[in-house]
Amino acid sequence: MINLVLLHGWGCDSRTWQPLLPALHNIARVTCIDLPGFGQSEMLVDYSLDAVIAYIEPQLPSNAVVMGWSLGGMLAVQLAARFPQKISGVISLAANLKFVATVDFPWAMAPGVNRHFNQGFEQDPQATLKLFTGLLAQGDEQERTLLKQLRRVDTGAPNPNWLQALALLAQLDNRDVFARLTMPGLHLLAERDALVPAAAAQAMTALNSQQHIELLIDTAHALHWSRPQAVIDAVTHFLSQSFFQTKTPAQLDKKKVAQSFGRAAETYDAVAQLQRDVGTELCLMLPAHLPADARVLDVGSGTGFFTRRLMHAYPQAQLIGLDIAEGMLRFSRKNGPDAIQWLCGDAEHLPLADNSVDLLFSSLAIQWCQNLPQLMAELHRVLKPGGQLFIATLGPATLQELKNAWQQVDDYVHVNRFQSSDALTAALQQGGLVQAKLQTQTRVLYFDRLAELTRELKALGAHNINSGKPEGLTSRARLLAFKNAYEQHRTEQGLPASYDVIYLTACKSFAEESHG
């Protein structure tokens with residue numbers, strides 16, 4: 001699991017991370033560091049950049065991703081450049097390359113404005129801090145609400161280090177170190193930031209195109225308070241792509257899986273009767289009650305249909321819906337209650353802490369995972385001792401009529417490949433989980449015309465995305481041959497489409513608790 005270090009900005013302390021901490025604790029081991037003179041930290045006599053870096057560096061865990069906001073983000077870039085053997089990635093929020101503009105870098109705060117602010121803080125700290133809070137929210141789409149939230153946060157009492165930190169901020173120039181960064185980096189800027197102009201994004205990209213720069217629309221400097229879920233989504237996706245992805249060849253392109261289902265978000269529920277039936281069957285296997293503080297994870301949550309059902313079944317539990325398709329998550333967030341936390345992630349590389357989940361539910365999702373041992377090891381890792389697992393997936397006989405019809409036409413792969421119950425059982429045991437029950441079921445849908453089946457598969461996002469599929473358009477002659485071959489399967493009820501459904505329940509042994 002990744003080590004994530006958080007560095008706050010000027011005029012606050014680690015309490016500024018409140019909106020993000022619950023979600024961040026799910027995906028990483030989090031270390032919050034107060035900058036010298038802020039929060040619970042000690043003051044420094046010498047507040048130079050080298051002294052501040054020397055204060056922070058011993059507190060960094062090994063193989064850390066350092067994430068900072070504003071001044072903390074600029075320091076995170078400095079740390080990443082100086083200690084690449086200790087830091088594996090860097091994330092900055094609303095952090096410029098230079099805080100104060102110069103002739104050769106105009107995309108920053110005007111020197112006169114910065115000088116006036118610093119002098120004001122020296123003469124009347126409390127009045128200037130009130131002004132500063134307004135600047136953090138200025139321009140935001142929900143400025144008044146954001147300002148109220150920020151004013152309720154205890155920033156602590158100013159001391160001489162605060163003025164020294166302002167002087168350091170005015171002097172910082174990260175252009176050279178940013179240009180040399182080779183490690184993965186994510187840098188989020190706010191479109192309506194009153195302190196860091198949005199135009200800085202272009203300058204950052206021009207200096208180092210390998211670093212990922214994103215601009216959050218309609219958002220002010222305190223972007224982690226204004227858009228916490230957008231920040232969590234961006235951070236989760238960045239960590240998943242940069243540190244959790246395997247490099248081995250795959251039959252399935254996960255990016256294409258995510259894009260395919262993301263595009264299908266608006267049409268999915270209208271044609272998902274099979275998915276509803278299978279998920280409902282899986283729900284019947286769930287326990288009647290869970291502890292009030294239980295954490296429930298829906299892997300492959302899709303449109304959130306069953307995530308919402310799980311919330312109604314366990315109203316006191318913390319519900320997490322996880323899906324690889326950002327389009328599905330946008331749809332879920334728009335249509336689901338705020339109480340559900342939505343995460344973007346891959347089931348084979350779950351962005352969650354060890355021993356953190358009481359119940360794991362997954363209906364018709366894991367068939368898109370090609371590395372079953374890796375998948376089961378991940379499910380085992382995140383489940384608490386005694387945690388329960390409920391899975392519905394598809395077996396190799398799924399859409400056998402479609403497969404047989406195409407086999408009479410050519411040798412390409414036209415139907416997605418799914419793994420057997422024996423493979424599932426072996427991976428389950430290899431992953432350390434205890435199987436409780438496995439049962440199979442064949443469900444058959446009927447269609448009047450072949451076009452109805454293919455339209456439904458497309459609307460579900462479940463069309464062919466395997467390697468080995470034909471590229472380009474299929475000729476009219478081959479399509480006609482395929483249609484004639486499929487017609488041989490027609491019954492009185494219509495053209496059949498069979499689904500080989502596997503239901504699997506398992507648990508993580510209580511015996512592992514002593515090793516947790």
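Is Cys 283 buried or exposed? At 16% relative accessibility, Cys 283 is buried, where buried means under 20% relative accessible area, exposed over 50%, and partly exposed in between (1.4 Å probe, protein chains only). Please keep in mind that this is a predicted model, in which local features need pLDDT of at least 70, side-chain atom pairs count only at pLDDT 80 or more, and totals for chains, interfaces and linings use all residues. Residues are numbered from 1 along each chain as its sequence is written, and side-chain values use heavy atoms, with hydrogens and water left out.

**Cysteines**
- The disulfide count is zero, a disulfide being a pair of cysteine sulfur atoms within 2.5 Å.
- Cys 32 is partly exposed, with a relative accessible area of 34%.

**Helices α14 and α15**
- Helix α14 spans residues 273–283 and helix α15 spans residues 305–313; helices (H or I, at least four residues) and strands (E, at least two) are DSSP runs, numbered from the N terminus.
- Their axes lie 11 Å apart at an angle of about 25°; axes are lines fitted to C-alpha atoms, for helices over the stretch in contact, and angles run from 0 to 180 degrees between N-to-C directions.
- α14 and α15 are therefore roughly parallel (under 35 degrees; over 145 is roughly antiparallel, 65 to 115 roughly perpendicular and the rest oblique).
- Gln 275, Arg 276, Gly 279, Thr 280 and Cys 283 of α14 meet Phe 305, Phe 306 and Arg 309 of α15, with contact meaning heavy atoms within 4.5 Å.
- The buried residues of α15 are Phe 306, Thr 307, Arg 308, Leu 310 and Met 311.
- Among the elements covering those buried residues of α15 are α14, β7 (295–299) and β8 (318–323).

**Helices α17 and α19**
- The axes of α17 (residues 372–382) and α19 (residues 421–430) come within 8 Å and cross at roughly 45°.
- That angle makes α17 oblique to α19.
- On the α17 side the contact uses Leu 372, Pro 373 and Met 376, and on the α19 side Ala 423, Leu 424, Ala 427, Leu 428 and Gln 430.

**Around Leu 24**
- Leu 24 sits in helix α1 (residues 21–27) and is buried, at 0% relative accessibility.
- Leaving aside neighbours within four places in sequence, Leu 24 touches Leu 4, Leu 6, Val 30, Met 67, Ile 232 and Val 235.
- The C-alpha atoms of Leu 24 and Thr 236 are 8.5 Å apart, although 212 residues separate the two along the chain.
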